[in-house]
Amino acid sequence: MEHEDLAEYAIEVGEKLGVDYIEARLQRNLNNVFLLKNGVPEASGIESSFGIGVRVLVDGGMGFVSVNHFTKELVKEKVEEAVKIAKASSKVRKKPIVLSEEKIVKGSWKTIFRQNPLDVPPEEKLEILLDVDKAILDVGNRLKAMIPGRLLQLMDTYIYKYYVNSEGTKIRSEILGVSGFAVITVVEPSTGGFEQQYMDVGATKGYEVLKEWNLPKKCADLAEILIKILREAKKPVTEEVDVVLGPQIVGIACHESVGHPYEADRILGREAAQAGESFVKKEMLGQKVGSEVVNVVDDPTIPNSYGYYRYDDEGVPARKRYLIKNGVINEFLHNRETAGEFGIQSNAAARAMGYNREPIVRMANTYLEPGDYSFEELIEDIKIGVYMKTFGEWNIDDRRFNQRYIGKEAYLIEKGEIKHLVKNPILEITTPAFWSSVDAVGKAELMEFEAALCGKGDPGQGAPVWHGGPPARLRKIKLGG
Amino acid sequence: MEKVDIYDLADFIVKEGLKLGVDEVAALIHGVVKRQVRFSNNQVTIAKTWDEIVAEVYMAKNRKIVMCTVTDISQKSLRETLNKLVHVANVAKESENYEELPEGPFTYKSLSETYDSKIVQLGEQVVGFAEEAIKSALEAGGKRVAGTLYSEYGETVLVTSRNVEARDKGTRIEITVRSFADDEGVAQGMGLSVSRILSKFDPSKAGRKAGETSKMALNPTTGKPGTYNIVFGPYCFANLLDFTSMAFSAFFVDSGLSPLADKLNKQIAPGKVTIIDDPHLPNGYNSRSFDDEGVPTRQNELIKNGTVNTFLHNVKTAKKFNTKTTANAGWIVPHAWNIVFKTGDYGFDELLEDVRNGILIENTWYTRFQNYRTGDFSTIPRDGIFLVENGEVKKAIRGIRVSDNIVKLFNNITGFTKETEQVHWWEVETPVITPYVAVKDVKITTATK
């Protein structure tokens, strides 16, 4: 790729200026985006960014600059600027920033794919959305319901990175991905009631993934269940019950109440001004926080996952991380700065979403490891309970302690059997209570993942992630809200 | 080095686009130099500088719309991208909502307090503002202080093939300060200062507000669920108004994502409530004299005396809704510029006295909707939550969630203060100028386990 020499030149300039550390990342992001609203193509477009981000460490202070016009003079000027602001920062620090020691890596990696999205003609991409729209409308016609809100987007992504640092690490990578979302609003004509749901898909894979997703069926099924919820859902129970959560809710809970509070930069307070801190403290490593069947993992190495990478954006080789093992806090997510503070090695959680963003601690693919229960076994001894298969609204406080998930597709469980739909059951619960209430986890074949863009950082960096797991059972829960 | 002239760049894009045979082209170029200082644990974590040019391009051919956003602005790369776009336009489908870009030239209003050469001249000394805020928060009672400072200067240029040429030069400076008065991190406070000119920027005041609030928030007890009278602080209400401003966008109305879809010309709030979108606000953080289609911007009354007065439109949504543009383009999604809640006549103490018993919520985050069409949502208060008893702010509480409906919230407004604050930060994207707002009968929930 052109301009790699300028990334290397930035390192030269920094070294001449006597920095303690410097890294440069040449990064191109190319997105092809297609948006369809209520069957009408709103716009088709390209989002393309290309530039160099440079991060330096000088006298224990950190500076970051980025440029998107490529001349040696400008790169030199900006590295000098980075050094200047890092020095100014170091004066407002009591303790210098120290990066963890890591191995020097020289390598390259690419996404594995069969059909390059960039080779698929744009008209075919638009046709896919039109097929999805038709499938949704067919459901409305068949069930005599209105579906006035159909917002659909399909996007393919190509990301090229050339990372180089003053320690000698050099890594090239090329990532291809496909993602999409749908927001569907259905109306029951007889009552005027509305139901609405959002759906995300995403993978680092070629266009062959569209066949696996079968978006027309996926969206038609979603529209159908929304209509059923409108027509059939009854009030949820209010007494204390057992609750079975579907993979989607298990996944979001792993992400929100395990992944985020285990980010070491939050624990150390670096994100305190915006995304917040964490109820988890450094000294809680090894402490019991859930029942023994709870094992939560974050793993960037799952091939073709939405959060897949081989090396992180500080050049550290990716690996699987056990955040909770047998109910005990096992490991936090680290970049080189937080690992340096903890006196350990990074576990490769540094990610930057564009050339103009610093790498910060992020999740990749976060999930609950499977247990050995079939779905039938999970519900067979429940006299009265609720199966929350999917969620609509969710949120969690900035210390990741108090969370809430409102069921979208949810059912009453009675005497070990799934019964009628229930409307908007609310699980509002603290994190320790959530993970301590889990007493059974579904088998590996019940595992499912969902794609999302995780928000963090200032300026914001939407990181592609998966979260998921098998269904899990929680005992003695009072649904409310 | 030789600087890129962003007007020349816009002109180049429009001419190249027309050469490729499209019917119309618009080029919106942003050239900005932005500085950031992030701090936490009373020390600077990182300082950043961006020097960037971003080009947004809109083209239409045979009623088919294509767009791009690019940062690679070399002529070679731009030509390649425009060619790709034209190829997409050739095979794309017609947009039923297509409408021609407005024909210029237009005359634009000159804005006041939107540019300050003193901000342009700021270099690494912006770190000093962070120090000032940290010191002030610590003196006011904080133990750990975190935050973000931004300063920026730049220019936005719009050139279209319909005789539009518009330029907007501006500066901005803002600081978010968050203070924690305990080790656990539950005694929190936040302060902001948001300005277009340096003389109205006050990092010490922001730090003091954060520090004082965090001190007041010490030793909170867990809140109880129920229905309360709530006084929403400006940071909190700005977050709700930011979401509400999207509900006024005709794009979201048309997408089934607005609770106001069937509320045009209907009363949704008491008669004393008027909320406007003001793109000409002096010192307004997002004031702009032209929209992305080149139409001169103007004030729009969104809620007039409690009634929904208009949605926000570009020429395309206006055509679909059989009305005229409100000069809020967004080529696809119309959006507000600066949301202004017109002030009331209460002092803060009078508002509390009027509320008598309830909860004061200074800030919130993670606002999420169960259903954008109905407006059912919840949000998580933070940075100072206090019981109000007998018209006075009393003890701090924690662990509560506002779980209600956004339209009902407007309907239940009982009062608001004279004093307002301009709010723009990580959780409030559209700048909002709002007072403290009192709302009756708001549902509060808590964790059940």
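A:Thr191 counts as exposed, because its relative accessibility is 61%; exposed means over 50% relative accessible area, buried under 20% and partly exposed in between, for a 1.4 Å probe and protein chains only. The model is predicted: local features need pLDDT of at least 70, side-chain atom pairs count only at pLDDT 80 or more, and totals for chains, interfaces and linings use all residues. Residues are numbered from 1 along each chain as its sequence is written, chains are lettered from A and ligands numbered from 1 in the order in which they are written, and side-chain values use heavy atoms, without hydrogens and water.

A:Thr191 sits in the loop between strand E6 (170-188) and strand E7 (193-203) of chain A. Helices (H or I, at least four residues) and strands (E, at least two) are DSSP runs, numbered from the N terminus. A:Thr191 and A:Gly392 are 201 residues apart in sequence. Their C-alpha atoms are 21 Å apart in space. In chain B, B:Gln121 occupies the loop between helix H3 (117-120) and helix H4 (126-139). B:Gln121 counts as exposed, because its relative accessibility is 59%. From B:Gln121 to B:Asp262 the separation is 141 residues in sequence and 49 Å in space, C-alpha to C-alpha.

Helix H3 of chain A covers residues 122-143. Its 22 residues should span 32 Å at 1.5 Å a residue, and the end C-alpha atoms are 33 Å apart, which agrees. The expected span is 1.5 Å times one less than the number of residues. Buried residues of H3(A) include A:Leu126, A:Ile128, A:Leu129, A:Val132, A:Ile136 and A:Val139. Just after H3(A), A:Lys144 adopts a positive phi of about 55°.

Over all chains, the structure holds 76 salt bridges. A salt bridge is a side-chain nitrogen of Lys or Arg within 4 Å of a carboxyl oxygen of Asp or Glu. One of them joins A:Arg270 and A:Glu358 at 3.2 Å, N to O. A:Arg270 lies in the loop between helix H7 (264-267) and strand E9 (296-298) of chain A, and A:Glu358 in the loop between strand E12 (350-351) and strand E13 (360-361), so the pair ties together parts that are 88 residues apart in sequence. Both A:Arg270 and A:Glu358 are buried. They belong to a network of salt bridges that also links A:Glu271, A:Glu337, B:Arg38 and B:Lys48.

In chain B, the side chains of B:Lys320 and B:Asp254 meet in a salt bridge at 3.4 Å, N to O. B:Lys320 lies in helix H8 (residues 315-320) and B:Asp254 in helix H7 (residues 250-254), so this pair ties together parts that are 66 residues apart in sequence. B:Lys320 is partly exposed, at 44% relative accessibility. B:Asp254 is buried, at 15%. B:Asp383 and B:Arg382 form a further salt bridge, with the closest N and O atoms 3.1 Å apart. B:Asp383 is buried, with a relative accessible area of 1%. B:Arg382 is buried as well, at 2%.

A:Asp372, A:Glu376, A:Glu377 and A:Glu380 form a negative surface patch. Patches are made of residues with over 30% relative accessible area and no salt bridge; like charges are joined within 9 Å, and nonpolar side chains (Val, Leu, Ile, Met, Phe, Trp, Tyr) within 5 Å. A:Glu380 is placed in the loop between helix H9 (375-379) and strand E15 (384-388) of chain A. A:Glu380 counts as exposed, because its relative accessibility is 55%.

Key. Areas by Shrake-Rupley, 256 points an atom, 1.4 Å probe, with all protein chains shown as cover. Lys, Arg positive; Asp, Glu negative; His and termini not counted. Charge placed at Lys NZ, Arg CZ, Asp CG, Glu CD.
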